[in-house]
Amino acid sequence: MTFDLIVRNATLPDGRTGIDIACEHGRIAAVEPNIAAEAGRVIDANGQLVSPPFVDPHFHMDATLSLGIPRMNRSGTLLEGIALWGELKPLLTHEAVKARALRYCDLAVSQGLLAIRTHVDVCDDRLLAVEALLEVKQEIAPYIDLQLCAFPQDGYYRSPTAAENLERALDLGVDVVGGIPHFERTMADGARSVTALCEIAEKRGLLVDLHCDETDDPMSRHIETLAYETQRLGLHGRVNGSHLTSMHSMDNYYVSKLLALMAEARVSAIPNPLINIVIQGRHDTYPKRRGMTRVPELRAHGIEVAFGHDCVMDPWYSLGNADMLEVAAMGLHVAQMTSRDDMRWCFDRVTKGGAAVMHLDGYGLDVGCNADMVLLQAADPIEAIRLKATRLAVIRRGTVIAETPARVATLDLPGRPATVDPAAYAPKDASEDAG
């Protein structure tokens with residue numbers, strides 16, 4: 001028997017070792033040790049980690065790679081970033097938005113990031129970015145799953161034409177209903193916007209993903225309304241709250257009620273560790289709040305959690321390079337989740353957690369799933385996070401679409417090894433402990 005591709009001697013995220021993965025017609029055909037078959041291409045994983053592709057369920061592709069246009073964010077603050085976006089938006093062109101998005105997607109592929117949900121601003125009456133990213137979605141479909149979320153960035157009620165523009169964007173084919181209730185002029189308007197947006201999603205049969213309570217104000221409690229509307233409209237499992245940073249500042253008694261409501265409604269959560277840790281707590285002296293939402297508590301309540309990158313080199317965040325392992329590393333540090341089990345769980349937040357939030361079909365490493373995977377220069381998920389592991393091969397539908405040489409340093413030191421492989425420093429029991 002001959003397959004299109006076989007990846008041999010792989011370690012899987014669940015701890016299985018010595019596994020071969022056979023791919024045929026864009027699907028995984030077999031996952032077992034020692035597959036007795038030939039293939040058009042064979043990759044020896046040499047015992048290293050093979051993962052399903054990375055997933056970023058929260059991003060802003062309409063702004064990515066625009067850093068420095070029309071000027072730099074000198075302070076690095078949210079407020080200056082918002083002001084900069086207001087200056088940049090009138091200067092946007094269809095061609096420039098599309099070109100930057102495609103460049104970012106090239107970078108994403110090189111990092112094994114093959115599924116992205118991007119929020120796109122609909123408060124520009126031209127819907128220029130919406131149309132540009134819809135074209136990008138079509139062009140990159142062979143190698144990246146891209147979801148668009150209609151995002152009234154200036155407020156569904158606060159921006160005079162946002163409500164109309166959001167409906168127009170959905171009519172054009174945008175996939176997800178977005179919002180930003182905490183940015184409305186009043187708490188009451190924020191709550192009204194949650195109701196209106198969830199009703200739109202229910203009517204159209206769409207998913208919901210709201211920027212929700214991205215503030216240090218413990219009284220910003222729109223996630224409670226979001227859980228209620230999810231329950232009322234029967235949207236269980238279709239609704240996500242992004243950021244949820246106010247939860248970090250709420251009193252424990254209220255959070256104990258809130259987490260139960262979220263779990264009951266099956267509302268998922270997307271913290272964005274890189275952004276939350278630099279934007280929140282800016283008004284604090286010391287002690288200074290971290291700002292990221294209560295990730296361990298969300299996990300303990302069985303709430304689906306995925307980590308998002310949010311921004312890369314744009315008005316709000318001047319760093320980033322599409323590396324979801326960096327996101328996972330920041331997430332586990334900020335949440336103080338450093339047990340072996342916690343760290344493996346954080347790896348899952350940038351893979352299968354994001355896939356669950358995005359409702360991706362055919363995701364995973366089981367037989368019948370799409371033949372999409374990443375070979376990493378690491379022994380297991382924990383080592384992958386620690387090393388920000390090199391993506392040795394990125395595979396889409398059974399075809400290698402990106403390769404990077406292993407990271408190995410050459411030394412010239414008397415009596416010492418000639419080379420240093422960072423992946424060789426894993427604990428001796430790393431593979432055994434992974435299960």
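Helices (H or I, at least four residues) and strands (E, at least two) are taken as DSSP runs and numbered from the N terminus. The model is predicted, so that local features need pLDDT of at least 70 and side-chain atom pairs count only at pLDDT 80 or more, while totals for chains, interfaces and linings use all residues. Residues are numbered from 1 along each chain as its sequence is written, and side-chain values use heavy atoms, with hydrogens and water left out.

A cavity is defined, on a 1 Å grid over the protein atoms alone, as a set of points where a 1.4 Å probe fits but cannot get out, and its lining residues have an atom within 4 Å of a point; points are joined across faces, edges and corners, and a volume is the space filled by probe spheres set on them. Two cavities of 30 Å³ or more are counted. The largest has a volume of about 80 Å³, and of its 13 lining residues P53, D145, Y363, N370 and D372 are the closest to its centre. The second largest cavity holds about 40 Å³; its lining includes D62, W85 and K89, and helix 3 (residues 128-140) gives the most to that lining, with three residues.

Seven strands form an open sheet in the order 6-7-8-9-10-11-12 with parallel pairing, where two strands pair if DSSP finds at least two bridges between them. Strand 6 (54-59) and strand 12 (268-270) are the edge strands, each pairing on one side only. Strand 9 (residues 176-179) and strand 10 (residues 207-212) run parallel and are joined by four bridges, with G179 opposite L210 in strand 10.

Technical notes. On a 1 Å grid over the protein atoms alone, a cavity is a set of points where a 1.4 Å probe fits but cannot get out, and a pocket is an open set with protein on both sides within 12 Å along at least five of seven lines; lining residues have an atom within 4 Å of a point.
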